[in-house]
Amino acid sequence: MNERITFTALGPHIGAQVSNLDLSRPLSDAQFEQLYHGLLRHQVLFLRDQAITPGQQRALAVRFGDLHIHPVYPHAEGVEEIIVLDTHQDNPPDNDNWHTDVTFIDTPPAVAILAAKQLPPSGGDTLWASGIAAWEALSDPFKQLLSGLQAEHDFKKSFQEYKYRKTEAEHQRWQAAVAKHPPVAHPVMRTHPISERKALFVNEGFTTRLLGISDKESEALLNFLFWHSVKPEFQVRWRWQENDVAIWDNRVTQHYANVDYYPARRVMHRATVLGDKPV
């Protein structure tokens, strides 16, 4: 049996389409190794025609590591590690901003796997941006300045209280999540634990301020970094088809879910693999 996986790059900095791989079947060690090396190289991978169940998605995700259980999102029936992102007229989307998933914890996710289950008639693309490309494009003096800085990441920046007041139970769940997730500090530049490549590690979804400098300096620097890190040169854009799967390295990327389809319905399943403390 031919176990060689093909990667077709979608741009010079980020993104590749994968062929000759069926995610509904358990991956051999050789297949998984190729997939992981491809992920390190391309940062986000896309596969068409992968009709996987939540259980199969979980089985693939645990090959990468332990899984995160989200504090507020609902999950697939019987599979609490697979969150359901179901946006429609009565549940407006909240991921239409540039963000890196779950940077509000000490060990933000290493990898995420997203499966398209129901799509709008048109629209609903997702864009990814490379933190590696963004870092490498900065001047040396600017890199030197940022290398010594840390940034605060806060759960409440993306999950605002007013969105979770529809029921008392929902509000209590939000309050418990806030209590469990106080703001955390991460380096502005992180080094990938495996590839050792350096990447910019701030995102508009959760980063609130830079530590050790004045509020005005922090605001000015963050505004620049938020703009710089998602320039089109550092991006790849994916036009979803039903049963597509995306796998991305959450340590060195951020993404944006375009909500041009709203109020049509869009249902996605996500598995999130815990990472290590950014350094």
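This is a predicted model: local features need pLDDT of at least 70, side-chain atom pairs count only at pLDDT 80 or more; totals for chains, interfaces and linings use all residues.
- Across the pairing with strand 15, Ala-129 has Gln-254 as its bridge partner.
- The two strands belong to an open sheet of 3 strands, in the order 13-7-15, with antiparallel pairing.
- At the edges you will find strand 13 (235–238) and strand 15 (253–257), each of which pairs on one side only.
- On average, neighbouring strands of this sheet are turned by 20 degrees against each other, ignoring direction.

**The largest nonpolar core**
- In soluble globular proteins, nonpolar side chains tend to be buried together.
- Here the largest nonpolar core has 31 residues, and those touching the most other members are Leu-21, Leu-23, Leu-35, Leu-60, Phe-64, Ile-113 and Ile-247.
- Elements giving two or more residues to this core include helix 2 (54–62), strand 5 (79–87), strand 6 (111–118) and strand 16 (266–273).
- Which helix gives the most to this core? That is helix 1, with 5 residues.

**A closer look at Leu-35**
- Leaving aside residues up to four places away in sequence, Leu-35 touches Ile-5, Phe-7, Leu-21, Leu-27, Leu-45, Leu-60, Phe-64 and Ile-247.

**A second core**
- A separate core of 26 residues is also present, and among its members are Leu-85, Leu-114, Trp-128 and Ala-177.

Technical notes. Residues are numbered from 1 along each chain as its sequence is written. Side-chain values use heavy atoms; hydrogens and water are left out. Two strands pair if DSSP finds at least two bridges between them. Helices (H or I, at least four residues) and strands (E, at least two) are DSSP runs, numbered from the N terminus. Axes are lines fitted to C-alpha atoms, for helices over the stretch in contact, and angles run from 0 to 180 degrees between N-to-C directions. A nonpolar core is a set of buried Ala, Val, Leu, Ile, Met, Phe, Trp, Tyr and Cys residues joined through side-chain atoms within 4.5 Å. Buried means under 20% relative accessible area, exposed over 50%, partly exposed in between (1.4 Å probe, protein chains only). Contact means heavy atoms within 4.5 Å.
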